[in-house]
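Here is a short briefing to read alongside the sequence and the structure. Have both open as you go.

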Amino acid sequence: MPVLNAKALTVERSGQQVLKDVSFSMQQGQVHALLGGNGAGKSTTLLTFLGFLTPVSGSAHVQGRAVSENVSAARQAIAYLPEAATLYGHLNAYENLRYFLSLAKTDTDRRALDAALDRVALQAEAREMRMQTYSKGMRQKVAIAMAILRETPILLLDEPTAGLDPAAIDDFNRLVRDLAEAGRTVLLVTHDVYGACHVADRIHLLHKGELVGSFDRPSGMDRIDTEAVHAAFAAHAA
Amino acid sequence: MSRILTIAHAEWRLWLRSRLAFGALLITALLLTSTSVVTALRMSEAHHARIHQQAVAEATFLSQPDRHPHRMVHYGHYVFRVPPPLSVIDPGVDSVTGQSMFLEGHRQNTAMFADARASAELGGFEDLTTALAYQLFLPLLLIAIGHGLIIREREETTLVPLLAQGVTGTELYAGKGIALVGLSLALLLPLAVMCAVAVGRGAAPLASAGVIGLYALYLLVWCSLILLVSSVARSRSLALGILALVWLGTALIIPRIGVESASSLIPVPGKIETDLNMQAELRAVGDGHNASAPEFRQLQADLLAQYDVTRVEDLPVNFRGVVARAAEADLTEVMNRHAEERMALEAGQARFAASFGWLSPVLAVAAGSRALSGTDLATHHRFLREAEVVRFDFVQGLNRVHVEQLAYGDDINRNIDAEASKRTRMSAENWNVLDEFTFRPAAATERLARASTPAAMLFAWLLMLAAIGALAARRVQP
């Protein structure tokens, strides 16, 4: 049974079709990347799996169940990292994590929080500081830590590497692979062709709401053919 | 901790950490506390002063020397309306209607209730009282702090991650609502302290609890409104603008429309007009000082027949006193009728203006607050009626002395010489016809009954806003 399944999804926003007949499915432990330019429908796809948008036709399924049937169950199964790491500036990293995790009814202690923050390499001295003093990258790291701590079977990550420095991006890509190997299913949205090719098992190329191509990691290879994806991406961008 | 309480707790933490919110809270708490203390001191001073003045007035009347009883009728007496204990919260119409009244024979000094037009029902804006601070300023604080409760999450894009944690719109709405309601209830603390002080000074616990309950209901209405606007507005500035307009409308514009409409639809004649209308009827009663006036011929004839004599000099009672007593009774009937008509018009005005409480929770809470505190127009009318009873009783008591103790012959010859005049002086012991006057507002149950309509208005507001809010909560989306 696919963990995530988009069946001929068509979604409209403000009267305009932003997803047209998009279909794909993901098995447990897979990492898929949605690639495309601005307005391609990448974030819309994630929001549809979360039940924030209702398809005008087709359906989104989470763990075999249509999202529209039980939005709450879908959200419980998904850890979502929004495009801009939107956390509370008046709270420090621990307080933000505790707040969101308590809302998600996920019990955590200080050690677990520190372990997650260690995994995303957030400096120890910054953790007690209010997040309004954080850089974009630091905020992103806390948001990623939160997604990890949710311990949900599915992670939807919207532009997770935005604002991260190259070293942190490499760390993040390793982290995603680790999570997938631990059985968690990751669907990420990115503009970063190179990063997507390295981390994803499959890349879906979206253009103006349509799925225009999919690229699989060949067996035995450590990455998807970057040049082929780049060429397809450039062709549609043109 | 449930999600709802977690959200509420997070909001309180935000307010405590926000300099703006914390500063506003601190200023409001200081305003409420200082206003409460100042109002309490002012009303407490007025309370003691009026009790003292009442005692002095009674002592002065009773200490008058031997006199002709009718001179005492014109000497007159003062009664004072002592502010009730709960006036430390809401002095109501006290400052508008006046609090003392000069009582004398043949006239009702209506100057005080002549001023008590329906506009007085607004309580007067010249003094910042505890009631006004709660009615007008606390909603402003709640608006300043709460207008962004939900829209802020949307604007700062924290709404998506919140909802993505499985939080429902209803939970978010309820959590934010509890945060705002919790703050409001905390701000009721100065009011609760004032009520406790009032109970210590003799206020009915039931009425005091009613005051707290009424203001709690009022603040719940504002919390519901703020929450609703914050959930449906497109931006924080729009939410703030809408709420500021609602405040302006409900606190200033609708009350003014209510008062103006009441004045124009139910006109109350002025004092001069009332007196002119009444004068014609009073002339028909006759001048009680003139026993030979044609209006009293029938009385004379009946009295002569009753005692089977042919001359008033032969009556066993003083005919001049009988005429004074009868005239006073007839005059009082006319004056009371006019006074009741006038009070009915004033009460009608007040009711009409108060009915605008269906459009303005500020008007509703103001009317309920005055009723429960015993400082409304109805209480003032009660004072006027009680004062009139005192007036009539002491005047007729003196007339009875005139009838029974002063010989008619001495009375009509009192100006012949000093000795004759002296014979008409009655013992000062007779002045104790004056009853001790202590004004108390109606019983707590009666005041609660009067406040039930304003409370129902607030409850209707709350139900309506809660129902719309429940629908809006389900539609909370990023």
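This is a predicted model: local features need pLDDT of at least 70, side-chain atom pairs count only at pLDDT 80 or more; totals for chains, interfaces and linings use all residues.

Residues are numbered from 1 along each chain as its sequence is written, chains are lettered from A and ligands numbered from 1 in the order in which they are written, and side-chain values use heavy atoms, with hydrogens and water left out.

**Where chain B meets chain A**

- Chain B brings 21 residues to the contact and chain A brings 23, where contact means heavy atoms within 4.5 Å.
- About 2,100 Å² is buried between chain B and chain A, with carbon and sulfur atoms giving 57% of that area; buried area is the accessible area (1.4 Å probe) that two parts lose on being put together, summed over both.
- On the chain B side, B:R3, B:R17 and B:Q165 supply 30% of the area buried against chain A, more than any other three residues.
- The rule finds one salt bridge across this interface, a salt bridge being a side-chain nitrogen of Lys or Arg within 4 Å of a carboxyl oxygen of Asp or Glu.
- A:E95 and B:R17 form a salt bridge, with their closest N and O atoms 2.7 Å apart.
- Helices α1 (3–17) and α8 (159–164) of chain B each supply at least two residues of the side that touches chain A; helices here are DSSP runs of H or I with at least four residues, strands are runs of E with at least two, and both are numbered from the N terminus.
- The largest share of that side, seven residues, comes from α1(B).

**Salt bridges within the chains**

- Over all chains, the count comes to 26 salt bridges.
- A:D114 and A:R127 meet in a salt bridge at 2.9 Å, N to O.
- This pair links distant parts of the chain, with A:D114 in helix α4 (residues 110–119) of chain A and A:R127 in the loop between α4 and α5 (136–149), 13 residues apart.
- Both A:D114 and A:R127 are buried, meaning under 20% relative accessible area, with exposed over 50% and partly exposed in between (1.4 Å probe, protein chains only).
- A network of salt bridges links A:R110, A:D114, A:D118, A:R127 and A:E128.
- In chain B, B:R391 forms a salt bridge with B:E328, the closest N and O atoms being 2.9 Å apart.
- Here B:R391 sits in helix α17 (residues 377–405) and B:E328 in helix α15 (residues 319–354), 63 residues apart.
- B:R391 counts as buried at 1% relative accessibility, and B:E328 is buried at 0%.

- A:D158 is found in strand β7 (residues 154–158) of chain A.
- A:D158 is buried yet has no salt bridge, and the nearest side chain of opposite charge, A:K42, is 7.0 Å away; Lys and Arg count as positive and Asp and Glu as negative, while His and the chain ends are not counted.
- B:H147 lies in the loop between α6 (130–146) and α7 (151–155) of chain B, and B:H147 is buried with a relative accessible area of 13%.
- Leaving out residues up to four places away in sequence, B:H147 touches several residues, including B:L142, B:I226 and B:R236.
- A:V229 lies in helix α8 (residues 226–237) of chain A and counts as buried at 0% relative accessibility.
- Among the residues that A:V229 touches, beyond those up to four places away in sequence, are A:L35, A:C197 and A:F215.
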